[in-house]
Amino acid sequence: LENGLARTPPMGWLAWERFRCNTDCKNDPDNCISDRLFRTMTDLLISEGYAAVGYEYINVDDCWLEKERSYNGHLQPDLRRFPYGMRDLSNYVHSKGLKFGIYEDFGNYTCAGYPGIIGSLETDAYTFASWDVDYVKLDGCYSHPSEMDKGYPEFGFHLNRTGRPMIYSCSWPVYQIYSGIQPNYSSIIESCNLWRNFDDIQDSWSSLESIIDYYGNNQDTIVPNAGPGHWNDPDMLIVGNFGLSYEQSKTQMAIWAILAAPLLMSVDLRTIRPEYKAILQNRKIITVDQDPLGIQGKRIYKHKGIEIWARPITPIFQNYFSYAIAFLNRRTDGTPSDVAVTLAEMGLLAPGGYRIEDLYEDVDYGILSPQTKIKVKVNPSGVVILRADVQPSYGRVSTTYNPFK
Ligand code: A2G
């Protein structure tokens with residue numbers, strides 16, 4: 001969507017995967033979906049250094065609403081849990097220099113059974129604008145996926161008409177895919193800043209693996225749709241929760257950067273362990289994710305549990321891109337695997353070579369020619385992610401170049 005927003009994938013915090021639909025503020029005041037939770041996460045995003053590395057949005061997900069609309073048909077928050085209203089919460093987030101996101105659903109109900117926007121598209125768009133919302137996630141439960149081609153753009157039209165710039169996050173393709181409809185991605189690109197293609201992430205390695213496989217197996221249809229203003233969304237980062245090991249957490253962060261994915265952490269920032277926080281705050285990997293070219297990477301090799309993923313990034317020299325390259329070990333034999341490959345074999349052909357750097361470990365490989373064999377040791381369910389910066393050369397260079405050939 002060309003609304004000037006999300007020129008790079010959005011970064012922030014999103015409640016759902018970690019806090020779900022916990023509405024029991026009586027017995028669990030620290031973890032229920034409430035004003036207090038979002039203010040706390042706002043404060044921690046800043047005091048713990050997340051904002052400084054680019055995390056910007058504080059996003060509410062499902063279960064913030066009252067069970068019914070107001071007498072005049074307006075959405076209203078559950079006032080026991082959001083006693084000051086959403087405008088006040090939004091003001092608080094803005095007062096800290098951050099941006100505020102909210103959740104609704106295209107259908108009759110949200111997935112958790114709260115009022116959806118059907119029949120109130122214009123009213124709700126204006127309600128969000130009046131609360132100074134910066135980001136709207138529109139889910140797709142309790143609706144007909146065949147109506148989404150009309151309905152999602154229609155709500156986008158109303159968002160636009162408010163005059164307030166709001167990121168528009170759509171769940172449109174995933175619900176269509178579930179019901180056997182081929183998504184019309186050119187229309188989705190036009191209407192949405194990001195969209196979900198696949199299953200909700202759960203707190204497990206198997207869930208993460210299934211998402212990585214989906215994006216790899218379907219890359220030919222998915223990858224070309226990404227670019228500045230319009231991104232594929234493989235769902236939240238679950239780094240720092242209960243289900244992923246340290247290695248697996250590094251894998252998610254690395255692959256999300258290769259995928260040019262939105263970086264929406266869903267984790268308890270009060271209790272996250274330092275080593276997981278360091279993964280989420282890895283500036284070198286965030287820089288890959290946020291590369292201004294906005295080209296989504298691909299799985300370029302997959303054999304016997306070893307995968308190589310590559311993403312073209314800046315700087316470009318003549319027609320040669322730089323790359324981020326992730327080596328992923330899906331084997332479960334309990335011992336690190338050696339991977340040895342030349343840069344040329346991965347499509348890195350610039351005659352001046354590349355400066356290679358490891359993005360997790362402090363290893364600088366120096367400048368390597370395309371014929372150099374690079375050798376990495378990849379831990380089981382772990383990753384090695386490198387950055388290869390193209391070097392100038394003064395020899396003959398080809399003028400046509402396909403980053404994936
Ligand atoms: O509703 C759906 O399952 C959402 N999935 C999920 O992200 C979360 O918002 C949940 C809340 O009830 C999609 O948007 C695809």
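**View 1. Arg196 is a buried residue in a strand.** At 6% relative accessibility, Arg196 counts as buried. Buried means under 20% relative accessible area, exposed means over 50%, and partly exposed lies in between, with a 1.4 Å probe and protein chains only. Arg196 sits in strand 6 (residues 194-196). Helices (H or I, at least four residues) and strands (E, at least two) are DSSP runs, numbered from the N terminus. The side chain of Arg196 makes a polar contact with the side chain of Asp200, at 2.8 Å. A polar contact is a pair of N or O atoms within 3.5 Å; within protein, one must be able to donate a hydrogen and the other to accept it, and residues adjacent in sequence count only if both atoms are side-chain atoms. This is a predicted model, where local features need pLDDT of at least 70, side-chain atom pairs count only at pLDDT 80 or more, and totals for chains, interfaces and linings use all residues. Residues are numbered from 1 along each chain as its sequence is written, and side-chain values use heavy atoms, with hydrogens and water left out.

**View 2. The ligand and the residues around it.** The ligand is surrounded by 13 residues. The closest are Asp61, Asp62, Asp139, Ser171 and Asp200. A residue is near a molecule or strand if one of its heavy atoms lies within 4 Å of it. Look at the side chain of Asp62: an N or O atom there is 2.7 Å from an oxygen atom of the ligand. For the side chain of Lys137, the distance from an N or O atom to a ligand oxygen is 2.8 Å. A polar side-chain atom of Ser171 lies 2.6 Å from an oxygen atom of the ligand. Taken alone, the ligand exposes 370 Å², and the protein buries 93% of that. Accessible areas come from the Shrake-Rupley method with a 1.4 Å probe; for residues, only the protein chains shown count as cover.

View 3. The whole structure holds 17 aromatic pairs. Trp13 and Phe38 form one that is edge-to-face, with 5.9 Å centre to centre and 80° between the planes. Rings of Phe, Tyr and Trp (its six-membered ring) pair if their centres lie within 6.5 Å; planes under 30 degrees apart count as stacked, over 60 as edge-to-face and the rest as tilted. This pair links distant parts of the chain: Trp13 is in strand 1 (residues 11-14), Phe38 is in helix 2 (residues 35-47), and they are 25 residues apart. Trp13 is buried, at 0% relative accessibility. Phe38 is buried, with a relative accessible area of 0%. The rings of Phe128 and Trp131 have centres 6.2 Å apart and planes at 50°, so that pair is tilted. Phe128 is buried at 0%, and Trp131 is buried at 11%. Phe106, Tyr152, Phe155, Tyr168 and Trp172 form one aromatic cluster.

**View 4. Charged side chains over ring faces.** Arg18 lies over the face of Phe19, at 4.7 Å from the ring centre. Lys250 lies over the face of Tyr360, at 5.0 Å from the ring centre. A charge sits over a ring if NZ of Lys or CZ of Arg is within 6 Å of the ring centre and within 35 degrees of the ring normal.

View 5. Arg311 lies in strand 10 (residues 306-317). Its relative accessibility is 0%, so Arg311 counts as buried. The side chain of Arg311 reaches the backbone oxygen of Ile295 at 2.7 Å. The side chain of Arg311 also reaches the backbone oxygen of Asp289, at 3.2 Å. Pro315 lies in strand 10 too. The peptide bond from Thr314 to Pro315 is cis, with omega near -5°.

**View 6. Positive phi in two loops.** Most residues other than glycine have a negative phi, and most peptide bonds are trans. Asp132 is not a glycine, yet its phi is positive, near 55°. Asp132 lies in the loop between helix 4 (121-130) and strand 4 (135-139). Lys304 has a positive phi of about 50° and is not a glycine. Lys304 lies in the loop between strand 9 and strand 10. With a relative accessible area of 65%, Lys304 is exposed.
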